[in-house]
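User: Could you walk me through a few local features of this model? I'd like to jump between topics as we go.

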Amino acid sequence: MISDTLLRAARRTFFAGATAFVVGIVAVPSFVTPTIASDGPPSVADLAERLLGAVVNISTSQTVKGTEGPGAVPMPQLPEGSPFQDFFDDFFKNRGGEKGGGGGQKVQSLGSGFVVDADQGIVVTNNHVIADADDIEVNFSDGITLKAKLVGTDTKTDVAVLKVDPKGHKLTAVKFGDSTKMRVGDWVMAIGNPFGLGGTVTVGIVSARNRDINSGPYDDFIQTDAAINRGNSGGPLFDANGEVIGINTAIISPSGGSIGIGFSIPSQLAAGVVDQLRQYGETRRGWLGVRIQPVTDDIAESLGMATAKGALVAGVIKGGPVDNGSVQAGDVIIKFDGKDIHEMRDLPRVVAESPVGKAVDVVIVRKGVEQTVKVTLGRLEDGEKLASGENGNTGQGNSDKATPPVSTASVLGMTVGELNDQTRQKFGIAADVSGVVITDVAKDSAAAERGIQPGEVITEIAQESVGTPKDVMDRIGALKEQGRKNALLMLASKTGELRFVTIRMD
């Protein structure tokens with residue numbers, strides 16, 4: 001049996017090695033040649049003391065409509081994250097009922113932020129910390145409070161940039177580091193304003209990287225177990241050198257408090273957004289002008305690809321950068337401007353980080369053949385307006401063919417028919433959608449399992465256009481003769497939006 005003395009020595013050895021690696025106090029790598037510390041792990045106080053002055057508390061106030069009258073009880077001001085917050089929110093916000101009522105009340109919220117430019121008075125925080133605020137104040141660690149002006153926000157990454165008067169207070173700034181160099185297991189430090197308790201320091205490690213929590217189109221979060229709670233939002237996540245490698249943004253917690261699962265926006269993404277907001281007051285992201293979907297194993301097999309990778313182009317935005325045919329629906333983008341596209345969500349991020357107007361090489365797989373095309377990027381913010389008003393498709397397929405020998409056919413659990421005036425009217429299909437209409441889907445069929453619905457239109461099978469029910473049968477028959485296990489269908493919605501679906505042909 002191991003003695004208590006040896007156990008205590010082992011614990012001291014473990015913590016001494018781990019902490020020394022974090023703060024760089026000793027040159028010996030952690031867990032390689034550990035030494036027994038006599039009085040616990042070395043302190044991280046020097047690092048924290050150097051950084052505390054650059055981290056600020058953000059307080060905002062907003063006037064909201066509510067029912068006021070004689071004897072009305074004002075809503076109490078609770079610390080952010082108070083266990084009574086939800087109760088009072090429900091009571092006071094709903095007390096006016098549907099009648100609304102006149103007057104209003106001040107609602108306050110708290111968050112965190114950090115100074116990145118002392119000379120210009122630039123402060124970075126989360127967009128959700130200052131969203132809809134009437135007044136924003138920045139509170140420094142020495143007790144000084146300054147009014148802040150909003151420079152710009154980006155809802156897609158939840159980043160906001162503020163400005164305070166640098167003449168009103170001597171500021172301390174920190175700089176962004178390189179989040180791409182962070183490894184799982186590296187130590188990090190968070191400083192912020194949890195539950196209204198300003199200047200709180202917590203330490204943990206990078207638990208994971210590249211986390212997608214479905215909060216936005218560019219999710220690429222750093223996950224950490226450093227304690228992050230309500231009020232930490234907008235605060236910095238530091239590496240061992242005291243550089244900001246993340247902006248603390250979200251937690252997963254059933255209780256509302258930290259359970260060791262927090263998420264930070266990586267500096268690689270945030271730094272570029274901050275620069276654009278400072279320069280333009282808005283973002284200016286690159287735009288390719290395509291609709292994409294994941295490349296599944298079935299789709300990869302249908303396209304003759306050895307592995308499932310890249311982003312499948314499901315449609316091309318009319319009037320967009322690639323509406324000239326350089327990229328087509330059915331192409332798989334596997335590399336963009338020298339960067340590999342491993343999965344669908346990689347593409348929007350690397351495109352958005354590219355300058356507007358830049359000419360880039362895009363490597364695609366088209367009908368099993370890899371090729372490179374040159375594309376000049378548009379601006380995403382302009383493209384979003386164009387895409388939202390677009391009703392058409394990319395023009396694949398052609399319904400102006402000779403009278404087919406059959407008007408309907410049953411294949412792969414679907415009944416398909418001619419797309420004519422009668423079927424267009426029956427299913428409400430737009431005039432510029434072409435192909436073969438699906439009139440019925442058998443229950444429990446392979447098509448039903450894939451979510452295919454009557455009224456959708458088959459425009460391509462295995463990247464070949466179809467215009468009649470006979471075309472559909474012929475293409476499916478040819479694929480079976482080739483030994484294919486799946487049929488890749490390009491489907492158009494009633495308004496012309498495209499998606500790809502694979503159906504087993506067993």
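Predicted model: local features only at pLDDT ≥ 70, side-chain atom pairs only at ≥ 80, totals over all residues.

User: What volume does the second largest pocket have?

Analyst: Its volume is about 520 Å³, where a pocket is an open set of points on a 1 Å grid over the protein atoms alone at which a 1.4 Å probe fits, with protein on both sides within 12 Å along at least five of seven lines. The volume is the space filled by probe spheres set on the points, which are joined across faces, edges and corners.

User: And which residues lie nearest its centre?

Analyst: Y218, W287, V290, P348 and L380 do, out of 25 lining residues, a lining residue being one with an atom within 4 Å of a point. Two or more lining residues come from each of β14 (286-287), β15 (290-294), α7 (346-352) and α8 (380-388), and α7 gives the largest share, with five. Helices (H or I, at least four residues) and strands (E, at least two) are DSSP runs numbered from the N terminus.

User: Switching to β28, why is it largely enclosed?

Analyst: Strand β28 (residues 498-504) is largely enclosed by the rest of the structure because five of its seven residues are buried, meaning under 20% relative accessible area with a 1.4 Å probe and protein chains only.

User: How does β27 run relative to β28, parallel or antiparallel?

Analyst: Strand β27 (residues 486-492) runs antiparallel to β28, with seven bridges joining them; pairing requires that DSSP finds at least two bridges. M490 stands opposite F500 in β28, and the two strands form a hairpin with five residues between them, where G496 in the turn has a positive phi of about 105 degrees.

User: Now T125: buried or exposed?

Analyst: T125, which lies in strand β3 (residues 122-126), is buried, with a relative accessible area of 0%. Its side chain reaches the backbone oxygen of S112 at 2.6 Å.

User: What about S267, which backbone oxygen lies 2.8 Å from its side chain?

Analyst: That is the backbone oxygen of G177, which lies 2.8 Å from a polar atom of the S267 side chain. S267 is in helix α5 (residues 267-280) and counts as buried at 2% relative accessibility.

Note on methods: Residues numbered from 1 in each chain as written. Heavy atoms only, no water. Buried < 20%, exposed > 50% of the residue type's maximum accessible area, 1.4 Å probe, protein only. Polar contact = N/O pair within 3.5 Å; in protein donor to acceptor, adjacent residues only side chain to side chain.
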